[in-house]
Amino acid sequence: MRSCCKKCLKTKEENRAIHNIPTSELDNHLFDFFMRIKQKSGIDFDPVTLKSMLGSFERSLNTRKYGISVVHGHEFTLTKQCLKTKYKVLKQANKGSRPKTADEITATEIDYLCNKEQLGNRDPDSLLNKLWLNNSLAVAVWHKRWRDRT
C-alpha cells in the first residue's frame with residue numbers, strides 16, 4: 001500500500017511525506033490515486049479492496065497524528081465522492097462485495113473420496129481428512145443457522 005501511494009505522489013512530483021501534505025492537496029492526490037488505481041492485470045479493484053486501501057491511508061495518517069480523518073472528515077470530499085461513484089459503477093458491473101464461496105460438497109463427491117481412501121480411518125492422513133471435512137461441515141451448518149437467525 002505504501003509503495004502505491006509513494007508511486008502516486010512521485011508521478012505528481014510530490015516529495016513531501018503524506019502526513020506533511022495540506023488537506024486540500026492531499027484530497028486531490030487521493031482522488032487521483034483512487035481514480036487511476038488498478039490491479040497489475042489492468043482490472044479494477046473490487047469495492048472491498050478500495051475500502052481497505054482507504055483504511056490503510058487512514059491508519060497511516062492517524063499514526064502520524066495528521067488530525068483529520070480521511071474516512072470521516074468533511075475535508076476529503078473529492079476522495080469520498082470518487083470512491084462513492086467508483087463503488088456504484090463496480091457494483092453495477094457485478095464486482096460487488098459478494099463473498100467468494102465454494103460450492104457445497106455433494107454426497108457423490110464424499111463417496112468418491114471414501115472409495116479412493118482419502119476419507120476414513122485407513123491411515124492417519126485419511127483420518128485427518130475425515131475430521132477436517134466433518135468439522136468444516138459442522139461449522140458451515142452452524143454458520144447457516146446463525147445467518148438465518150439474524
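## Two helices in contact

In this predicted model, helices α3 and α4 cross with a left-handed sense. The axes of α3, which spans residues 47-63, and of α4, which spans residues 77-92, come within 10 Å and cross at roughly 160°. Because angles over 145 degrees count as roughly antiparallel, α3 and α4 are described as roughly antiparallel to each other.

On the α3 side the contact is made by Pro-47, Leu-50, Lys-51 and Leu-54, while α4 contributes Thr-79, Leu-83, Lys-86, Tyr-87, Leu-90 and Lys-91. Sorted by class, the residues in this contact of α3 with α4 are 6 nonpolar, 1 polar and 3 charged.

## Salt bridges

How many salt bridges does a search of the whole structure find? The search finds 5, and one of them joins Asp-32 to Arg-36, with the closest N and O atoms 2.7 Å apart. These two residues lie 4 residues apart in helix α2 (residues 23-36), and are therefore separated by about one helical turn. Asp-32 counts as buried, at 13% relative accessibility, whereas Arg-36 is exposed, with a relative accessible area of 61%.

Another salt bridge brings together the side chains of Lys-38 and Asp-44, at 2.7 Å from N to O. Lys-38 counts as partly exposed at 40% relative accessibility, and Asp-44 counts as partly exposed at 22%.

## A network of charged residues

Glu-117 forms a salt bridge with Arg-122, in which the closest N and O atoms are 2.9 Å apart. Through salt bridges that share partners, Glu-117, Arg-122 and Asp-123 are joined into one network.

Conventions:
Residues numbered from 1 in each chain as written. Predicted model: local features only at pLDDT ≥ 70, side-chain atom pairs only at ≥ 80, totals over all residues. Heavy atoms only, no water. Axes fitted to C-alpha atoms, helices over the stretch in contact; angles between N-to-C directions. Parallel < 35°, antiparallel > 145°, perpendicular 65-115°, else oblique. Left-handed = near helix turned anticlockwise from the far one by under 90°. Contact = heavy atoms within 4.5 Å. Nonpolar A, V, L, I, M, F, W, Y, C, P; charged D, E, K, R; others polar. Salt bridge = Lys/Arg side-chain N within 4 Å of Asp/Glu carboxyl O. Buried < 20%, exposed > 50% of the residue type's maximum accessible area, 1.4 Å probe, protein only.
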